[in-house]
Amino acid sequence: MLVEETFMFMKIIGFLTLYCCHIVQLSAQEKPVYRLFDEKGTATDYRQLLKKSLAADIVLFGELHDNPIVHWLQWQLLQDIYEQDSALVLGMEMLEADNQLILDEYLDDVIEERHFLQEVKIWDNYASDYSRLVNFAKSNGLAVVASNVPRRYANLVYRQGMEALDSLHEASKSSIAPLPVEVDLSLPGYADMISMMGGHGASAQAKNIALAQALKDATMAHFILKNHESRTLHLNGSYHSKNREGVVWYLQQENPSLKVMTIHSVEQQALTELSEEHLNSADFILVVADDLVHRK
């Protein structure tokens, strides 16, 4: 009996050893493409991201424009927030404010999609990355806000400075943030932009680049607030909300009591921990494998 028990015990030990080796091997073969971290660099998960999103008034999802994982997570978040809040508003940097009427006509079935696409200024990746979000909103009766400044006005500021906006017709001014637009060029995001263009003693053109960026940020914040109801999910480039500056700064200048949650997207070679440079850049940092997108 003792021999049989010993033999059975050895079989169990052998099985457990093989099982553990198999688990280790599987772990070595796993290839995660993204992870979520909080602002302190502690690993978290989508469940916490959704929970905090539902507790916020405005969620700013800072994206990497050409990253499919980022766009997939935006798609998931839109659907999951909607399940809890059917009055959700979707805001998009990818659509310009002077196209709001055409966008509304499409959402209300006044015009067909082909006419919508012919008339509005859309990004090259609209079909692959944004159309299903707009069509989800359309199917479920959600408002979609074209929040970005018309590019011609950003270009005007780049060429001539913020004062050039004063000469616009009143109808044109309805597509930008109310004038005069307050700009704090000492904010690190704008200051870094100027520095990259030639340092603190940079040319007026370098300063105007930061002013054009500020105009975009201010305009997005303006139209977010103008159309905000119970909750807004706003999609924008990561730089526009990084370190809670840009759009966040303008939102808080207008309404400090708003609960604004930020998601910042970055790429890293290793996903095991958050790089120090990304700490405190947002409430949640979405880290994506840096070899996911092939860039020539």
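A residue is called buried when its relative accessible area is under 20%, exposed when that area is over 50%, and partly exposed in between (1.4 Å probe, protein chains only). Arg-244, with a relative accessible area of 27%, is therefore partly exposed. The structure is a predicted model, in which local features need pLDDT of at least 70 and side-chain atom pairs count only at pLDDT 80 or more, while totals for chains, interfaces and linings use all residues. Residues are numbered from 1 along each chain as its sequence is written, and side-chain values use heavy atoms, with hydrogens and water left out.

A salt bridge is taken as a side-chain nitrogen of Lys or Arg within 4 Å of a carboxyl oxygen of Asp or Glu. By this rule, ten salt bridges are counted. Helices (H or I, at least four residues) and strands (E, at least two) are DSSP runs, numbered from the N terminus. In one of the salt bridges, the side chains of Glu-96 and Arg-151 come together at 2.6 Å, N to O. This pair links distant parts of the chain, since Glu-96 belongs to strand S4 (residues 89-96) and Arg-151 to helix H7 (residues 151-160), 55 residues apart. Glu-96 counts as buried at 5% relative accessibility, whereas Arg-151, at 46%, counts as partly exposed.

Elsewhere, Arg-244 and Asp-283 form a salt bridge of 3.2 Å, N to O. Arg-244 lies in the loop between strand S6 (232-237) and helix H11 (247-254), and Asp-283 in the loop between strand S7 (260-268) and strand S8 (284-289), so this pair ties together parts 39 residues apart in sequence. Asp-283 is partly exposed, at 24% relative accessibility. Through shared partners, salt bridges also join Glu-96, Asp-98, Lys-121, Arg-151 and Arg-152 into one network.

Ser-175 is placed in the loop between helix H8 (170-173) and helix H9 (188-196) and is buried, with a relative accessible area of 9%. Contact here means heavy atoms within 4.5 Å. Leaving aside neighbours within four places in sequence, Ser-175 has contacts that include Ala-97, Asp-98, Val-149 and Tyr-153.

Helix packing comes next. Two packed helices are described by the angle between their axes and the distance between the axes. The axes of H4 and helix H6 (residues 126-140) come within 9 Å and cross at roughly 60°; axes are lines fitted to C-alpha atoms, for helices over the stretch in contact, and angles run from 0 to 180 degrees between N-to-C directions. H4 and H6 are therefore oblique to each other, a word for angles that are not under 35 degrees (roughly parallel), over 145 (roughly antiparallel) or 65 to 115 (roughly perpendicular). Leu-103, Tyr-106 and Leu-107 of H4 make the contact with Val-134, Asn-135 and Lys-138 of H6.
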